[in-house]
Amino acid sequence: MSDGLSLTITTLGLAAAIKAKENGIKAVLKWVSVGDAAYTPSKAQKVLQSEKARVEFGEFKDLSGTSIQAAAKFSGDDEYAIREIGFWLDDGTLFGVISAPDTTLNYKAAGAHCIQPFTLNLSALPTDAVTVEVGTENLNILIDAEFAILAKTQVDQMHLAIKQEWRLLEIEKQLR
């Protein structure tokens, strides 16, 4: 995370990533959960201390094999401070936790959506040992560069079409 907080990979999460790599596959992160307890995470942790919600990943981008960007959207009527974030493998194992004493990471207001983005440093794991399974609600917030390129291309194409139309109008005028 950009504010100096880091991911604490659990012992079980590390073991799952190493086992997956040895088997020629990747460990699959499937869910993100948040809670309202603020503490120093433990490698032996198996659950969040005060989980409030768990959702599927809403977006994912592999940055280098040792780092990923992702985001999740938390919705609903509940209201709580987000002080702990858990990352869960597809088999239900707690892979890692982000939290710190006396630190609020975000806030989920009642009846509102809370988008929680994060960058996970996975350099303590074997390279390309982890992937993310994105749920059905894809947020598409991490592909802004791709959207910008697409938008520019479309505007350029429309500009060429207008120039061509003006040329055709000039030719029609000359033919009259």
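**Exercise 1. Classify D102: is this residue buried or exposed?**

*Solution.* Step 1: D102 has a relative accessibility of 81%, so D102 counts as exposed.

Step 1: Find the place of D102. This residue is in the loop between β8 (94-99) and β9 (106-108). Helices (H or I, at least four residues) and strands (E, at least two) are DSSP runs, numbered from the N terminus.

Step 2: Look at the backbone. The phi of D102 is positive, about 55°, although D102 is not a glycine.

Before you go on, a word about the model: it is predicted, so local features need pLDDT of at least 70 and side-chain atom pairs count only at pLDDT 80 or more, while totals for chains, interfaces and linings use all residues. Residues are numbered from 1 along each chain as its sequence is written, and side-chain values use heavy atoms, with hydrogens and water left out.

**Exercise 2. Describe the setting of D128, starting from the loop in which it is found.**

*Solution.* Step 1: D128 is in the loop between β10 (114-121) and β11 (130-132).

Step 1: Its phi is positive too, at about 55°, and D128 is not a glycine.

Step 2: With 32% relative accessibility, D128 counts as partly exposed.

Step 3: List the contacts, where contact means heavy atoms within 4.5 Å. Beyond the neighbours within four places in sequence, D128 touches K21, K26, D62 and G65.

Step 4: Compare sequence with space. D128 and T66 are 62 residues apart in sequence, and their C-alpha atoms are 6.7 Å apart.

**Exercise 3. Visit helix α1 and describe A20 and L14.**

*Solution.* Step 1: Helix α1 covers residues 11-22 and includes A20. L14 lies in helix α1 as well.

Step 1: Check the cover. A20 has 7% relative accessibility and counts as buried, whereas L14, at 34%, is partly exposed.

Step 2: Find the partners, not counting residues up to four places away in sequence. A20 touches I25, K26 and A27. L14 is in contact with I9, A124 and L125.

Step 3: Work with C-alpha distances. A20 and A129 are 109 residues apart in sequence but 6.8 Å apart in space. For L14 and A27, 13 residues apart along the chain, the separation is 9.6 Å.

**Exercise 4. Which residues does V55 contact, leaving aside its neighbours within four places in sequence?**

*Solution.* Step 1: Locate V55 in strand β3, residues 51-56.

Step 1: Read its accessibility: V55 is at 19%, and counts as buried.

Step 2: The contacts of V55 are K30, W31, V32, A72, K73 and F74.

Step 3: W88 is 33 residues from V55 in sequence, and the two C-alpha atoms are 10.0 Å apart.

**Exercise 5. Now step back and describe the whole protein.**

*Solution.* Step 1: Count the elements. There are two helices and 11 strands, and from the N terminus on they run β-α-β-β-β-β-β-β-β-β-β-β-α.

Step 1: Ask how spread out the protein is. Its radius of gyration is 23 Å, well over the 16 Å that the globule rule gives for 176 residues, so the protein is more spread out than a compact globule. The radius is taken over C-alpha atoms, and the globule rule is 2.2 Å times the number of residues to the power 0.38. Along its principal axes, the C-alpha trace spans about 85 × 45 × 30 Å.

Step 2: Divide the chain. Domain 1 is 8-138 and domain 2 is 142-175, with bounds that come from an automatic or database domain assignment. Taken over C-alpha atoms, the centres of domain 1 and domain 2 are 43 Å apart.

Step 3: Of the 176 residues, 36% count as buried. Among contacts with a separation of 6 or more, 76% come from residues 24 or more positions apart.

Notes: Buried < 20%, exposed > 50% of the residue type's maximum accessible area, 1.4 Å probe, protein only.
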